[in-house]
4 protein chains.
Amino acid sequence: MTNTQVTLIQIDNYGPWTVTPEPRREADLQTMQSRLYADISQFVGNHGGYTFFTRFDNMIAVTNGLSLEDHAVLQESVGNRYPVTLSLGVATGTSPVQALADATELVQDAGSAQDKHRREILDGRVVEAEHGTTEDVQIAHFDVIDATGNYTDELNAFDTFIEIEQGYAELMRHMRYAHDSLSFFVGGDNIIVVCPNLEEPDYREAIAHVEDAVDVELQVGVGRGANAHDAGMGAKHALETCRADGTRVELE
Amino acid sequence: MTNTQVTLIQIDNYGPWTVTPEPRREADLQTMQSRLYADISQFVGNHGGYTFFTRFDNMIAVTNGLSLEDHAVLQESVGNRYPVTLSLGVATGTSPVQALADATELVQDAGSAQDKHRREILDGRVVEAEHGTTEDVQIAHFDVIDATGNYTDELNAFDTFIEIEQGYAELMRHMRYAHDSLSFFVGGDNIIVVCPNLEEPDYREAIAHVEDAVDVELQVGVGRGANAHDAGMGAKHALETCRADGTRVELE
Amino acid sequence: MTNTQVTLIQIDNYGPWTVTPEPRREADLQTMQSRLYADISQFVGNHGGYTFFTRFDNMIAVTNGLSLEDHAVLQESVGNRYPVTLSLGVATGTSPVQALADATELVQDAGSAQDKHRREILDGRVVEAEHGTTEDVQIAHFDVIDATGNYTDELNAFDTFIEIEQGYAELMRHMRYAHDSLSFFVGGDNIIVVCPNLEEPDYREAIAHVEDAVDVELQVGVGRGANAHDAGMGAKHALETCRADGTRVELE
Amino acid sequence: MTNTQVTLIQIDNYGPWTVTPEPRREADLQTMQSRLYADISQFVGNHGGYTFFTRFDNMIAVTNGLSLEDHAVLQESVGNRYPVTLSLGVATGTSPVQALADATELVQDAGSAQDKHRREILDGRVVEAEHGTTEDVQIAHFDVIDATGNYTDELNAFDTFIEIEQGYAELMRHMRYAHDSLSFFVGGDNIIVVCPNLEEPDYREAIAHVEDAVDVELQVGVGRGANAHDAGMGAKHALETCRADGTRVELE
């Protein structure tokens with residue numbers, strides 16, 4: 001059984017800040033957001049977790065292996081180095097969607113994302129080290145079959161992007177509603193999905209669904225581990241097997 | 001008439017690099033990609049341009065105001081500071097989609113995105129300073145009406161993301177095929193669209209289309225300028241008027 | 001008794017790289033170096049350590065609390081994100097100078113700093129968690145008395161810098177040869193010194209020596225802890241007492 | 001004749017900020033400072049200038065080629081992305097020391113570095129584009145002869161640092177008081193000096209002085225140009241000639 005620890009990372013009162021006292025330079029907002037994400041990704045990654053940029057003002061991380069103290073250091077460090085602050089909700093569960101819902105509620109209960117008095121919330125609970133197992137996290141790493149040959153080298157860059165985006169949008173909805181999973185585009189033609197305890201037929205079904213719906217061909221490698229990094233590395237190696245052997249689903 | 005200068009920024013041979021000699025840590029890839037994007041955004045932004053992360057391995061920028069020499073400095077600087085290199089294609093036109101298609105072709109003609117011998121291509125042509133006008137760039141800045149009240153403070157963070165993503169996916173396809181425009185999600189509930197010479201009814205039509213198709217309510221501010229920053233600032237101010245007055249479309 | 005764990009961080013073959021195939025843009029070298037340092041500082045700091053930029057191509061860190069596995073993650077992560085690689089030597093001892101000498105020797109024994117075949121050395125030993133004590137690290141935080149009033153607001157910025165530099169150069173030599181300590185300028189008018197088991201009279205003597213030699217007046221706060229962060233926070237609070245009370249030496 | 005444009009970059013009210021409401025984590029301060037410096041170095045460098053970290057809270061830049069508008073963009077961009085703000089003073093002159101003195105005075109006249117009401121000063125004047133010449137900037141790039149063989153591979157890392165620091169401290173003072181020049185350590189064993197119109201015998205004299213005073217052997221390449229980048233590249237190439245031919249002073 002999986003026991004995924006999910007953290008919601010929400011920038012406090014970000015929308016109003018971006019237009020106060022008047023709209024800020026877009027290039028600066030983009031730079032600030034993406035560097036903030038990079039820093040969080042690095043911090044969480046150094047403890048074995050994965051962070052997804054999602055909407056940038058609301059990021060989602062798989063944080064098995066990080067204590068609440070680690071979360072507090074991250075929050076303090078960002079507060080020391082950025083013009084914005086973070087609120088963090090942390091929850092665990094066999095369903096990543098349910099864990100995220102619980103984590104979100106902790107932050108929502110403390111106030112609106114645009115409440116200027118709600119700052120640096122840190123609430124929730126973690127998988128204690130002594131309860132962790134090597135099956136706590138299941139990660140599936142999807143990509144588009146021969147995306148470079150079929151799209152990148154053939155279509156204009158935006159039409160390629162539309163194709164990949166369509167595949168992602170369909171997979172994201174399907175995995176969430178049919179399989180209680182959280183899917184994130186991570187660049188190129190790669191999608192990383194945080195799953196509950198799924199089996200090979202589930203992945204075959206999802207791939208077939210996307211191909212039927214939007215005609216994008218996916219392959220997937222799946223890994224399990226005590227944290228996102230371990231599970232994700234298993235998934236990456238399994239996906240390499242797909243690429244080498246022409247298979248569509250490989251479980252580590 | 002618009003005359004948009006578009007640059008395709010493609011990381012050379014990136015896919016193979018990420019798995020050679022074996023798959024690299026995902027957190028490092030995410031950190032590296034988003035910092036590279038941040039640096040390009042900052043460089044281009046300091047010259048009045050906008051850069052969109054798109055797929056991260058293929059980024060798209062509106063570069064009116066940047067010469068080919070500026071592009072060469074960016075390319076050299078990235079080569080000096082990152083483990084990867086960039087190829088750049090630059091083209092101009094009244095249709096942003098056509099300009100991007102031309103820019104893409106310049107890079108594709110030099111070799112595959114996964115050709116390990118194709119490195120640091122720089123090709124294309126720019127709007128010469130003496131030919132620039134204050135109507136060269138048209139930027140539309142969309143957001144979701146009361147996204148915080150309707151979604152962020154109500155749904156779990158992933159379901160909010162799905163709603164916003166659906167609105168984005170629909171708008172992206174519609175603006176591209178009906179209006180020759182390039183749409184980019186830029187974080188939060190914001191979408192920036194690079195447009196040809198569109199008028200108010202075009203924007204009303206697009207908003208109605210998205211509402212019909214996926215039930216997401218958008219509002220939009222539109223600006224024009226000699227470069228993306230000027231046009232984008234106009235769009236931001238116009239969008240502030242929508243927010244203040246409850247209107248759906250404002251042209252600067 | 002102190003038991004300081006010191007890491008030498010050396011960029012592999014950096015000098016030759018900066019001029020191959022021809023000299024690289026200085027602004028890019030400065031940017032790359034200082035960001036690399038920032039990343040290492042953040043990584044080490046998140047585990048309770050301190051990193052000093054020193055010469056940038058050779059950085060020195062106090063790494064009590066970091067295992068060899070942590071060092072390996074840092075080395076891999078930098079290799080994934082920068083155009084250069086790191087070699088790391090780690091040693092421990094009651095004398096910070098001796099520990100650094102031992103750490104340096106581990107790297108030197110593996111080859112020259114300009115040997116293009118020596119890459120990503122990682123060697124040494126750490127203070128095992130079960131042997132750590134809250135007196136392992138002693139940190140002294142010095143600053144110049146009323147530097148802003150006496151220098152920054154009065155002299156031109158370079159002459160202020162010369163004054164502070166002179167104080168630093170004298171303190172650095174004196175602390176190294178008289179007190180087996182490692183002194184690092186950390187910005188502004190602040191100097192952080194990694195010390196063996198020194199007592200209050202040692203600090204009084206050092207302050208008097210610098211005042212005699214170069215007429216720069218220093219004050220100092222001293223802290224002890226299981227790692228650099230804990231000891232350094234004690235030192236900072238002690239220095240705040242100096243500032244508030246007008247005293248010259250405060251031990252936490 | 002040189003006509004150097006010098007900018008003093010001072011973080012507003014930085015000292016008090018670092019200890020309010022209580023001392024901030026040193027690793028965060030180091031990370032924030034060095035990234036801020038990196039960003040400024042990149043911005044100024046993209047316009048052909050050089051920035052030196054100096055004390056980090058007070059940085060000095062050679063900004064020939066940057067207008068006051070460019071300075072304003074830098075100031076705004078930092079204000080949008082960092083928790084601190086910058087004040088900037090800009091001045092020009094045949095003597096770099098005098099130009100810096102004038103630039104410093106502009107900032108000092110507006111208030112103390114620790115005045116919490118003084119924020120984002122921008123004052124001064126630049127070399128107008130039409131008055132620029134290819135002799136406006138003279139840069140000398142020094143390094144220590146065989147620093148790797150004599151020091152880095154032989155001594156412990158701190159004793160090497162002391163040797164190089166001593167050479168730097170002596171050169172810095174001598175060039176400032178004997179030759180009206182500003183010297184900056186830039187990492188490794190490299191020192192970059194911003195000079196007025198000096199000739200070969202001046203450099204020979206300086207090298208001999210440092211060797212006499214502290215027994216550190218230096219070599220130097222010198223370049224001239226319309227901006228720091230052009231002059232500095234000339235200096236780097238000239239220094240390569242020293243390294244290849246064993247000469248001590250080379251003028252481009």
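Is C:Ser181 buried or exposed?

1. C:Ser181 is buried, because its relative accessibility is 0% (buried: under 20% relative accessible area, 1.4 Å probe, protein chains only). The model is a predicted one, in which local features need pLDDT of at least 70 and side-chain atom pairs count only at pLDDT 80 or more, while totals for chains, interfaces and linings use all residues. Residues are numbered from 1 along each chain as its sequence is written, chains are lettered from A in the order in which they are written, and side-chain values use heavy atoms, without hydrogens and water.

2. The loop that holds C:Ser181 runs between α6 (157-179) and β7 (182-185) of chain C; helices (H or I, at least four residues) and strands (E, at least two) are DSSP runs numbered from the N terminus. A polar atom of the C:Ser181 side chain lies 2.9 Å from the backbone oxygen of C:His179. Leaving aside residues up to four places away in sequence, C:Ser181 touches (heavy atoms within 4.5 Å) residues including C:Val97, C:Met175, C:Cys195 and, from another chain letter, D:Phe158.

3. Helix α8 of chain C, residues 228-245, has 18 residues and spans 25 Å from first to last C-alpha, close to the 26 Å expected at 1.5 Å a residue (the expected span is 1.5 Å times one less than the number of residues). At its start, a side-chain oxygen of C:Asn227 comes within 3.2 Å of the backbone nitrogen of C:His229. C:Gly246, with a positive phi near 75°, follows α8(C).

4. Among the buried residues of α8(C) are C:Ala228, C:Gly232, C:Leu239 and C:Cys242. The buried residues of this helix pack against β2, β3, β6, β9 and β10 of chain C, and also against α2 (26-46) of chain D.

5. The largest pocket holds about 1100 Å³ of space. A pocket is an open set of points on a 1 Å grid over the protein atoms alone, where a 1.4 Å probe fits, with protein on both sides within 12 Å along at least five of seven lines; lining residues have an atom within 4 Å of a point. Its lining has 46 residues, and A:Tyr82, A:Pro83, D:Tyr82, D:Pro83 and D:Val84 lie nearest the centre. α3(D) gives the most to this lining, four residues.

6. The second largest pocket holds about 900 Å³. Its lining has 40 residues, with B:Gly79, B:Tyr82, B:Arg119, C:Trp17 and C:Pro83 closest to the centre. α3(B) supplies the largest share of that lining, five residues.

How values were computed: Grid points are joined across faces, edges and corners, and a volume is the space filled by probe spheres set on the points. Buried means under 20% relative accessible area, exposed over 50%, partly exposed in between (1.4 Å probe, protein chains only). A polar contact is a pair of N or O atoms within 3.5 Å; within protein, one must be able to donate a hydrogen and the other to accept it, and residues adjacent in sequence count only if both atoms are side-chain atoms.
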